[in-house]
Amino acid sequence: MSSETAVTPTNFIRNIIIQDLETGKHDGIITRFPPEPNGHLHIGHAKSICLNFGVAAEFGGRTNLRFDDTNPLKENEDFMLAIMEDVRWLGFEWDELLHASDYFQQLYEYALHLIKTGKAYVEELSAEEIREYRGTLKKPGRESPYRDRPVEENLDLFERMKAGEFADGTLALRARIDMASPNINMRDPVVYRIRNASHHRTGDEWHIYPMYDWAHGISDAIEGITHSLCTLEFEDHRPLYDWFLDNIPAPCHPRQIEFARGNLDYTVMSKRRLRELVEEGLVNGWDDPRMPTLAGLRRRGFTPEAIRAFWTEMGVSKADSIIAMGVLENAVRSDLNVRAPRTMAVLDPVKVVLTNFPEGETEWLEAPVHPQDEAMGTRKVALTREIWIERGDFMEDPPRKFFRMKPGGEVRLRNAFIVQCNDVIKDEQGEITELHCTFDPDTRSGMPGASRKVKGTIHWVSAEHGRPVEIRLCDRLFTVPNPLGEKGRDYREFLNPHSLDVIQNAIVEPHVADGAAGDFYQFERTGYFCHDNVDSKPGRPVLNRIVTLRDSWARIEKEMAQAGKN
RNA sequence: UGGGACGUCGCCAAGUCGGUUAAGGCACGGGGUUUUGAUCCCCGCAUUCGCAGGUUCGAAUCCUGCCGUCCCAGCCA
């Protein structure tokens with residue numbers, strides 16, 4: 001069971017597809033998710049994954065996972081494996097697993113066709129010269145002196161490039177389009193470059209590698225992709241995408257449609273930035289629970305159901321946007337709320353002695369695993385004379401609206417009974433070490449007096465039975481909404497020093513300490529937590545805080561503090 | 001006058017070809033339920049669609065002009 005809604009919000013891409021199906025342009029649709037295996041997937045990729053797989057599934061179509069592996073210098077097998085794991089974890093299974101490198105031979109033959117039809121030539125200008133000849137955004141470019149090289153010569157040179165006769169960067173194959181085009185992508189783009197490098201899949205077979213623009217559209221066409229969905233920055237490439245397919249005997253002509261990337265505030269999403277964070281040791285790897293990578297979110301405890309629901313709620317458009325992190329967090333809360341077993345855990349313990357509770361005895365209480373879902377059953381909770389409660393749940397001199405424990409006041413112990421605080425014991429420093437309380441046996445859960453109302457209910461754990469665990473309080477990675485947008489400042493300056501606070505000895509109910517990776521809980525009144533899938537080991541449990549509960553009391557406190565200042 | 005795109009409530013976002021009252025979610029405010037100040041349930045929340053004109057009986061939707069934001073000068077993707 002999950003909280004995912006069945007609602008499919010409409011969007012412009014979906015509308016295009018519906019139209020193409022209705023007009024008979026297509027009988028069925030095929031999409032693809034085409035990552036370059038040069039890094040890890042992040043929450044932004046999840047948007048594309050959900051879109052591509054989601055829309056195909058909705059209309060009975062298919063979706064391929066295709067690795068865009070045209071640059072052997074940056075890509076490797078490990079990234080491929082990690083990406084496959086991430087896509088599957090998100091809940092999607094591809095129809096075919098493919099690679100741009102599967103098409104290297106076909107791509108090469110199409111290039112031959114382009115040369116033979118006089119639409120491509122071998123360039124001898126250096127990369128720097130090409131840049132000069134390209135012109136600028138406002139000024140047209142100049143034609144290369146090699147632009148009118150005879151076909152036979154082009155064929156010969158290209159053949160020898162392929163054979164590995166030339167050094168990297170000496171020659172390149174260029175499409176012969178229009179050096180004066182206002183669209184720079186059309187100014188004779190490079191189609192093939194020489195890379196005497198080993199490719200992780202094709203080994204040393206190739207010495208030339210196709211550029212993205214050449215490989216992508218053709219790969220789409222070979223696979224019979226009907227709708228090639230990509231992000232906004234490729235809008236300017238669409239004329240080139242179309243030009244290539246129009247100038248080769250392509251099996252079909254997919255339609256490229258661009259949509260806006262999904263950005264989030266309080267984080268960074270570009271591969272470059274994420275890589276820097278990892279390589280500079282600012283986080284503990286790609287799967288650091290604070291990272292927006294799917295590996296990080298998974299370790300943090302975000303569920304695939306929540307991420308999918310989040311992206312379908314957010315929709316797809318062409319407007320640049322930065323989504324509030326709170327919206328994602330909320331999607332996680334609503335998914336976990338219906339599924340997470342409840343338990344009590346004390347993060348910052350202070351001891352309470354129930355002075356009228358018999359010494360050395362344990363009373364086993366029955367508590368629901370989920371208050372709104374009886375099917376989840378009950379659990380036994382041990383109550384003893386000494387228990388732990390949250391330090392923040394006691395105030396010696398509380399404000400008016402404080403409903404928790406205070407001297408002389410009554411408060412309910414969750415799943416147990418009402419207690420009254422009689423004594424506050426402190427050490428020489430004035431630090432509270434113990435609270436002495438008496439309980440009212442008539443108010444025990446299940447007893448007639450249980451219905452007596454008190455304002456507050458607090459959670460607790462038996463001092464004798466509770467078990468210590470390490471808890472990592474995950475929070476936003478940055479202290480500002482847009483760390484990259486602060487002019488004149490480096491984004492690293494805004495790393496949140498409290499993005500990963502560690503609590504060494506929090507106290508949990510025994511079964512939580514015995515849990516394993518993949519187990520998650522709601523610590524009542526505190527938040528959602530899960531076992532860290534890397535560091536949590538039997539005998540040494542480590543839990544991550546996935547997300548806090550909504551906390552209107554925190555808001556009230558903040559307002560009161562604010563009011564006090566003013 | 002390089003080219004391409006986008007601007008609807010604090011954050012997302014419906015709103016295809018103009019037709020009486022501008023979806024929905026999150027956030028927010030108010031109320032109710034509650035042994036989680038959680039959840040859940042009600043109610044409220046854009047006379048207004050970047051701005052200014054124009055066309056029209058009627059425009060967020062059409063036209064014109066401004067303004068703002070993003071993308072493009074890798075032999076990266």
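**View 1. Cysteine 530 is buried, with a relative accessible area of 6%.** Buried here means under 20% relative accessible area, while exposed means over 50% and partly exposed covers what lies in between (1.4 Å probe, protein chains only). This is a predicted model, so local features need pLDDT of at least 70 and side-chain atom pairs count only at pLDDT 80 or more, whereas totals for chains, interfaces and linings use all residues. Residues are numbered from 1 along each chain as its sequence is written, chains are lettered from A and ligands numbered from 1 in the order in which they are written, and side-chain values use heavy atoms, leaving out hydrogens and water.

Now for the sulfurs: a search of the whole structure turns up 0 disulfides, a disulfide being a pair of cysteine sulfur atoms within 2.5 Å. For cysteine 230, which is in no disulfide, the nearest cysteine sulfur is that of cysteine 252, 16 Å away. Cysteine 530 is in no disulfide either, and the nearest cysteine sulfur, on cysteine 474, is 7.9 Å away. Cysteine 230 also counts as buried, at 10% relative accessibility.

**View 2. Here is an open sheet of 7 strands with mixed pairing.** Strands (E, at least two residues) and helices (H or I, at least four) are DSSP runs, numbered from the N terminus, and two strands pair if DSSP finds at least two bridges between them. Read across the sheet, the order is S12-S25-S26-S27-S23-S24-S13. At the edges sit S12 (342–343) and S13 (345–346), each pairing on one side only. Strands S23 (residues 467–474) and S27 (residues 542–548) run parallel, joined by 3 bridges. Look for isoleucine 471, whose bridge partner in S27 is leucine 543. Helix H12 (residues 325–339) lies across S12, S25, S26 and S27, at about 115° to S27. Axes are lines fitted to C-alpha atoms, for helices over the stretch in contact, and angles run from 0 to 180 degrees between N-to-C directions.

**View 3. Strand S17 (residues 386–390) pairs with S14 (residues 349–354) in the antiparallel sense.** That pairing has 5 bridges, and in it proline 349 stands opposite glutamate 390. S17 also pairs with S22 (residues 460–462), again antiparallel, over 3 bridges. There, tryptophan 388 faces valine 461 as its opposite number.

**View 4. Helices H7 (residues 212–223) and H8 (residues 238–246) cross at roughly 60°.** Their axes come within 9 Å. The contact (heavy atoms within 4.5 Å) involves several residues, including Trp214 and Ile218 of H7 and Tyr241 and Phe244 of H8.

**View 5. Threonine 202 sits in the loop between strands S6 (190–194) and S7 (208–210).** Is this residue buried or exposed? Threonine 202 is buried, because its relative accessible area is 16%. Leaving aside neighbours within four places in sequence, threonine 202 is in contact with Ser101, Phe104 and Tyr209.

View 6. Most residues other than glycine have a negative phi.
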